[in-house]
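Welcome to this short tour! Keep your viewer open and have the selection tool ready, and we will go from stop to stop together.

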Amino acid sequence: MTDALTSLPEPRHPDPADAPPLRWGVLGPGGIAADFTDALHRHSRQRVVAAGSRSAERAAAFAAAHGVERSHGSYEALVADPEVDVVYVATPHSEHLEHALLAIAAGKNVLIEKPMAVTAAQARQIVAAARGAGVFAMEAMWTRYLPQTDIARQLLERDALGEVRVVTADFGGRAAYDPSSRLWNPELAGGALLDLGVYTVSWASFAIGAPAGIIASGTLAPTGVDDQAALVLSSASGAHALLSTTLRAGTPSLATICGSEGRIETDSPFWGPSGLRVFRADGTLAAHWRDPYGRPYRDGMAYEAAALARYVAEGRTESPVHPLAEAVDTLATIDEARRQLGATRVE
Ligand SMILES: NC(=O)c1ccc[n+]([C@@H]2O[C@H](COP(=O)([O-])OP(=O)(O)OC[C@H]3O[C@@H](n4cnc5c(N)ncnc54)[C@H](OP(=O)(O)O)[C@@H]3O)[C@@H](O)[C@H]2O)c1
């Protein structure tokens, strides 16, 4: 066991530039769309060739600012663009269902920002539509495609940690209270769980699968969305996950996977390129891997785009390392947690 933990496997896809190029269309030219476009253009051969907005002016301004060839003054025009292979849905959570279905109905592959939808039921609609149309669909859970996550995956595949019993993850950030913003407005499906907590629930799923038991505790903002939540997820095998998320304070953004033979502790942030330390069962440090690739923070989104391009080239219709059913299950967990908290839901 010691060798399995000391000699860490190499990440399998460390260079996003080795993926075949696709032509991307951005639907919803807001904050994340800007960083996504820049990350792709800096670190991969993926090209954002079109931007679509509800306003022709905003689409044109985004295109000019981010080296995008064409702009469209409606989402309908964007998804009808014959020179677009894949649509990146980057609108607020409340709009993901409508916009993903729009792109799928136009025959486009889709990458949908996290969370894939507001509820598991909505996510199932997207999955059914994508399967019916035979297009590729994926949630933009970019953590799954990072080099450090691939090292953790290989350790799990090799059973190097033994029996996994405890998983932890936190993601909190302080957001100024603004009832109209997408983080706080229930009409836009705000709340800590959907915005940040989804990363922690997805991490638990990665390590121990979908939970058999869910206990949630937390607080609500004046708008009724959850502004803080702690989750205990338990699996039938006896493993549990302790998760924390908040819009009220910055938290370390660390994650662990603890097994009978050793444990992984990520560096911060676990959700973006950072690193990980591996400890033996006796608590001694076996290895510390620090991401050497120079694609920090949101530049790490280039990995998910490259993964999608590889999968499409392989003829797949979903991600093998983050299947659609798993994204649905993650939302089912968040559904139940929001129900227990009494959070306002607008669907
Ligand atoms: N991967 C990550 O690290 C990361 C980070 C931040 C956010 N996200 C995700 O990305 C998505 C967008 O977040 P963001 O921070 O980029 O949001 P944002 O800056 O508010 O941008 C969202 C865009 O969606 C469009 N939109 C369509 N309908 C809208 C509506 N009803 N209200 C407001 N805007 C609407 C707007 O563009 P037009 O009106 O011009 O069409 C707007 O620019 C969310 O799912 C979020 O969870 C991911």
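**Stop 1: the two domains.** Start by colouring residues 16–142 as domain 1 and residues 148–293 + 318–341 as domain 2, the two domains into which the protein is divided. Keep in mind that what you are looking at is a predicted model.

**Stop 2: where the domains touch.** How many residues does each domain bring to the contact? Domain 1 supplies 18 residues, and domain 2 supplies 17 residues. Now stay on the side of domain 1 that touches domain 2 and select helix H6 (120–133) and strand E6 (137–139), the elements that give two or more residues to that side.

**Stop 3: H6 and its neighbour.** The axes of H5 and H6 come within 10 Å and cross at roughly 5°. An angle under 35 degrees counts as roughly parallel, and therefore H5 and H6 are described as roughly parallel to each other. To see the contact, show Leu97, Ala100, Leu101 and Ile104 on H5, then Gln122, Gln125, Ile126, Ala129, Ala130 and Ala133 on H6. Eight of the residues in this contact are nonpolar, two are polar and none is charged.

**Stop 4: a crossing pair.** Next, select helix H2 (residues 31–43) and helix H9 (residues 301–313), whose axes come within 8 Å and cross at roughly 70°. That angle makes H2 roughly perpendicular to H9. On H2, look for Asp35, Phe36, Ala39, Leu40 and His43; on H9, their partners in the contact are Met301, Ala302 and Ala305. This contact has six nonpolar residues, one polar and one charged.

Stop 5: In soluble globular proteins, nonpolar side chains tend to be buried together. Here, the largest nonpolar core has 113 residues, and Val87, Tyr88, Ala103, Val110, Val167 and Ala204 touch the most other members. Which helix gives the most to this core? Select helix H8 (residues 192–208), which gives 12 residues. Domain 1 and domain 2 both contribute residues, so the core lies between them.

**Last stop: Ala204.** Zoom in on Ala204 and show Val167, Ala169, Leu233, Ala241 and Leu243, which Ala204 touches when residues up to four places away in sequence are not counted.

Methods:
Residues numbered from 1 in each chain as written. Predicted model: local features only at pLDDT ≥ 70, side-chain atom pairs only at ≥ 80, totals over all residues. Core = buried A, V, L, I, M, F, W, Y, C linked by C-beta atoms within 7 Å. Buried ≥ 20, exposed ≤ 12 C-beta atoms within 10 Å, placed from the backbone. Helix = DSSP H or I, 4+ residues; strand = E, 2+ residues; numbered from the N terminus. Domains from an automatic or database assignment. Contact = placed C-beta atoms within 7 Å. Axes fitted to C-alpha atoms, helices over the stretch in contact; angles between N-to-C directions. Parallel < 35°, antiparallel > 145°, perpendicular 65-115°, else oblique. Nonpolar A, V, L, I, M, F, W, Y, C, P; charged D, E, K, R; others polar.
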